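Biologist: Hi! Could you walk me through this structure in plain words?

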Amino acid sequence: VKKGRVHMPDVHDLYEYEARRVIRVYGGWEGQVQVSNERSLRVERTRVIRQSPEANAPLEPGARVQIVVSEGAPLMPDLAGLTPEAARVSLTRSGWRQAPVETQMLSLTPGLVSAQEPSPQTVLAENSRVSFAVGFPIEMPNVVDTDIQAAQTALFRAGYTGRFQIL
């Protein structure tokens with residue numbers, strides 16, 4: 001550890017463990033290093049995004065030394081079953097800063113998110129498109145005592161797609 005005047009070393013873009021060691025060994029700092037975390041699209045997980053004081057600034061005894069470490073890129077949260085407002089809040093909390101594209105689709109859960117893109121836990125890359133679909137009510141047509149072709153046509157017109165099972 002250095003004696004005499006101590007200066008803050010440049011730890012920007014170092015891994016957290018490296019930054020702590022450099023501050024202690026090369027900077028001569030014997031105090032605590034406060035670490036906070038922040039999501040970053042550009043900085044790899046566990047690397048230093050910012051530091052305070054800045055590089056080469058004198059470190060006075062008792063001064064606060066802080067580094068901000070990247071948590072990595074935000075991950076797409078699971079939005080299924082949320083209201084549109086809650087989905088937007090969830091995206092913001094995950095670190096996403098752009099407005100999502102909201103669409104509508106037929107759903108048995110009207111007013112709630114029933115589909116999303118990308119899927120949950122996908123890394124949200126910078127400038128990627130985020131969208132979710134909010135369900136609106138489906139009116140079930142009465143197909144009782146109707147032939148199969150007419151029943152399928154009625155169901156398709158009501159918005160049902162996919163396969164049908166005849167019971």
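Modeller: Happy to! Let me begin with a term: two strands pair if DSSP finds at least two bridges between them. Helices (H or I, at least four residues) and strands (E, at least two) are DSSP runs, numbered from the N terminus. This is a predicted model, where local features need pLDDT of at least 70 and side-chain atom pairs count only at pLDDT 80 or more, while totals for chains, interfaces and linings use all residues. Residues are numbered from 1 along each chain as its sequence is written, and side-chain values use heavy atoms, with hydrogens and water left out.

Biologist: Thanks! How many bridges join β2 to β3?

Modeller: There are 4 bridges between β2 and β3 (residues 65-70), and the two strands run antiparallel. Take Arg 50 as an example: its bridge partner in β3 is Val 68.

Biologist: And what is the order of the strands in that open sheet?

Modeller: The order is β1-β3-β2, an open sheet of 3 strands with mixed pairing. β1 and β2 are at the edges with a single partner strand each, so one side of each has no neighbour in the sheet. On average, neighbouring strands of this sheet are turned by 20 degrees against each other, direction ignored.

Biologist: Which helix lies across those strands?

Modeller: That is helix α1 (residues 16-25), which lies across β1, β2 and β3 and runs at about 160 degrees to β3. Such axes are lines fitted to C-alpha atoms, for helices over the stretch in contact, and angles run from 0 to 180 degrees between N-to-C directions. Contact means heavy atoms within 4.5 Å.

Biologist: Let's move to Ser 40. Is Ser 40 buried or exposed?

Modeller: Ser 40 is buried, at a relative accessible area of 11%. Buried means under 20% relative accessible area, exposed over 50%, and partly exposed in between (1.4 Å probe, protein chains only). You will find Ser 40 in the loop between β1 (33-38) and β2 (48-52).

Biologist: What is Ser 40 in contact with, leaving aside neighbours within four places in sequence?

Modeller: Ser 40 is then in contact with Ile 49, Ser 70, Gly 72 and Ala 73.

Biologist: New topic, charges! How many salt bridges does the count come to?

Modeller: The count comes to 6 salt bridges. The rule asks for a side-chain nitrogen of Lys or Arg within 4 Å of a carboxyl oxygen of Asp or Glu. One of them joins the side chains of Glu 16 and Arg 20, at 3.2 Å from N to O.

Biologist: How far apart in helix α1 are Glu 16 and Arg 20?

Modeller: Glu 16 and Arg 20 are 4 residues apart in helix α1, which means they are separated by about one helical turn. Glu 16 is partly exposed at 22%, and Arg 20 is partly exposed at 33%.

Biologist: Nice. How many aromatic pairs does the structure hold?

Modeller: The structure holds 1 aromatic pair. The rings of Tyr 15 and Tyr 17 have centres 6.2 Å apart and planes at 15 degrees, so the pair is stacked. Rings of Phe, Tyr and Trp (its six-membered ring) pair if their centres lie within 6.5 Å; planes under 30 degrees apart count as stacked, over 60 as edge-to-face and the rest as tilted.

Biologist: Which element has the lowest mean pLDDT?

Modeller: That is β4, with 78, whereas β2 has the highest, 96. pLDDT is the predictor's confidence in each residue, from 0 to 100. The chain averages 85, and 95% of the residues score at least 70. Where pLDDT is low, the predicted coordinates should not be read in detail.
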